[in-house]
Amino acid sequence: NESGSTLRLLLPSVLRGKTVRFTGAKRLFARPLSVYADICHRAGVTFLPAGESLTVCGRLSPGTFAFPGNISSQFVSGLLFALPHLPGDSLIRLAPPVESASYIEMTLHTLSRFGYTVKTGETGLYRVPGGQIGRAPERLTLPPDQSAAAFFGALSVLSGGAVKIENDEVDPLQGDRVYRAAFAALSAGFAEIPVADCPDLSPVLMAFAALSGGARLTHTARLRFKESDRGAAMAEELEKCGVRVTVNADDILLSGGARRPSVPLSGHGDHRVVMALSVLLSVTGGEITGAEAVSKSLPEFFTLLRALGLSFEMTEE
């Protein structure tokens with residue numbers, strides 16, 4: 001469908017000599033896949049996008065994989081899952097800057113728990129021995145998802161602490177754990193927030209800033225390539241709420257002073273945009289269309305909001 005992470009994590013691992021066809025929405029295959037396309041073309045592997053599908057056929061070989069570190073960490077993670085199974089050693093070399101590094105660290109941590117070895121040294125360099133055989137850990141405990149928790153963290157701050165989040169221990173590997181510090185800074189007034197390591201927080205940070213003193217988000221270039229163009233999508237909806245927003249190549253500037261919109265807001269088919277706008281409208285009131293997009297990552301989102309005492313009506317068109 002529209003899960004870029006699923007596609008990017010799986011693609012290198014299916015390159016075992018057979019033809020594999022991925023299908024999904026047009027938006028999925030419009031998102032950047034150039035890293036894998038280049039790898040496949042250099043290796044003589046078929047890489048054939050066709051609107052709502054992508055067909056690959058061929059075998060991934062060990063070697064050196066060099067590409068920019070600021071496109072998506074998911075390309076690195078996908079290769080790190082696949083390369084240990086190849087017959088020879090491989091090297092991943094990322095050109096700086098390396099963004100979303102926390103997600104790469106999460107991948108390395110997971111691999112180690114399953115018995116795989118990746119040798120790291122200088123930033124952006126990963127040596128992967130081939131011929132590895134993993135093992136399942138006896139017990140695997142998953143930490144709370146900081147990306148999802150951030151929306152309820154915003155509601156907690158906006159409600160003066162009335163919303164309590166259980167089991168919300170901070171996972172030091174998740175970049176989105178910084179939402180606590182970010183909301184605290186925004187609550188104090190206009191703040192500058194870098195999102196290089198936490199791009200998925202951007203929609204809720206923009207919604208929160210619109211309700212407080214405004215903000216400048218930096219390192220926002222990659223927001224264009226998410227489920228929607230998140231910077232532009234949030235700007236379009238916040239402007240309906242009277243917020244001034246300027247989206248530049250790698251930063252976003254917005255004012256505060258959000259008020260109830262006189263027209264419905266659009267979810268742009270993006271789960272994080274819908275949830276961020278819901279946080280905003282919990283204060284101002286209003287209407288969102290396309291709210292079903294939350295099913296991509298948190299289908300119980302509105303059930304949880306109702307349990308918190310928020311009042312709303314859901315309609316089907």
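In this predicted model, helices α4 and α5 touch through S73, V76, S77, L80 and F81 on the α4 side and Y103, I104, T107, L108 and L111 on the α5 side. By class, the residues of this contact are seven nonpolar, three polar and no charged. Two packed helices are described by the angle between their axes and the distance between the axes. For α4 and α5 (residues 101-113), the axes come within 9 Å and cross at roughly 15°. Angles under 35 degrees count as roughly parallel, and α4 and α5 are therefore roughly parallel to each other. Their crossing is right-handed.

Helix α4 also packs against helix α3 (residues 34-43), at an angle of about 45° and with the axes 9 Å apart. That angle makes α3 oblique to α4. From α3, the contact uses V35, Y36 and I39, and from α4 it uses Q74, F75, G78 and L79. These residues divide into five nonpolar, two polar and no charged.

A further helix pair is formed by α6 (residues 146-158) and α8 (residues 202-211), whose axes are 10 Å apart and which pack at about 15°. That makes α6 roughly parallel to α8. The crossing of α6 past α8 is right-handed. On α6 the contact residues are A150, F151, A154, V157 and L158, and on α8 they are V204, F208 and L211. By class, this contact has eight nonpolar, no polar and no charged residues.

| Helix pair | Angle between axes | Distance between axes |
|---|---|---|
| α4 and α5 | roughly 15° | within 9 Å |
| α3 and α4 | about 45° | 9 Å |
| α6 and α8 | about 15° | 10 Å |

Strands of a sheet pair through backbone hydrogen bonds, either parallel or antiparallel. Strand β4 (residues 64-68) and strand β5 (residues 90-95) run parallel and are joined by five bridges. Within this pairing, F67 stands opposite L94 in β5. Between β4 and β5 the chain passes through helix α4 (residues 73-82), and this β-α-β crossover is right-handed.

Strand β5 also pairs with strand β7 (residues 125-128), here in the antiparallel sense and over four bridges. R93 has L125 in β7 as its bridge partner.

The loop between β5 and α5 holds two backbone features. Most residues other than glycine have a negative phi, and most peptide bonds are trans. The peptide bond from P96 to P97, however, is cis, with omega near 0°. P97 lies in the loop between β5 and α5. S100 is not a glycine, yet it has a positive phi of about 55°. The loop between β5 and α5 is also the place of S100.

**The sheet of β1, β2 and β3**

Three strands make up an open sheet in the order β1-β3-β2, with antiparallel pairing. Which strands stand at the edges? They are β1 (16-23) and β2 (46-49); each has a single partner strand, so one side of each is left without a neighbour in the sheet. From one strand to the next, the twist averages 5°. Strand β2 is joined to strand β3 (residues 53-59) by four bridges, and the two run antiparallel.

Another open sheet has four strands in the order β8-β9-β11-β10, and its pairing is mixed. Its edge strands, β8 (191-194) and β10 (245-247), each pair on one side only. On average, neighbouring strands of this sheet are turned by 10° against each other, direction ignored.

Three bridges join β10 to strand β11 (residues 251-254) in the antiparallel sense. The bridge partner of V245 is L254 in β11. Helix α9 (residues 230-239) packs on this sheet and touches β10 and β11. The direction of α9 makes about 165° with that of β10.

Technical notes:
Residues numbered from 1 in each chain as written. Predicted model: local features only at pLDDT ≥ 70, side-chain atom pairs only at ≥ 80, totals over all residues. Heavy atoms only, no water. Pairing = 2+ DSSP bridges. Right-handed = clockwise from strand over helix to strand, strands pointing away. Axes fitted to C-alpha atoms, helices over the stretch in contact; angles between N-to-C directions. Parallel < 35°, antiparallel > 145°, perpendicular 65-115°, else oblique. Left-handed = near helix turned anticlockwise from the far one by under 90°. Contact = heavy atoms within 4.5 Å. Nonpolar A, V, L, I, M, F, W, Y, C, P; charged D, E, K, R; others polar.
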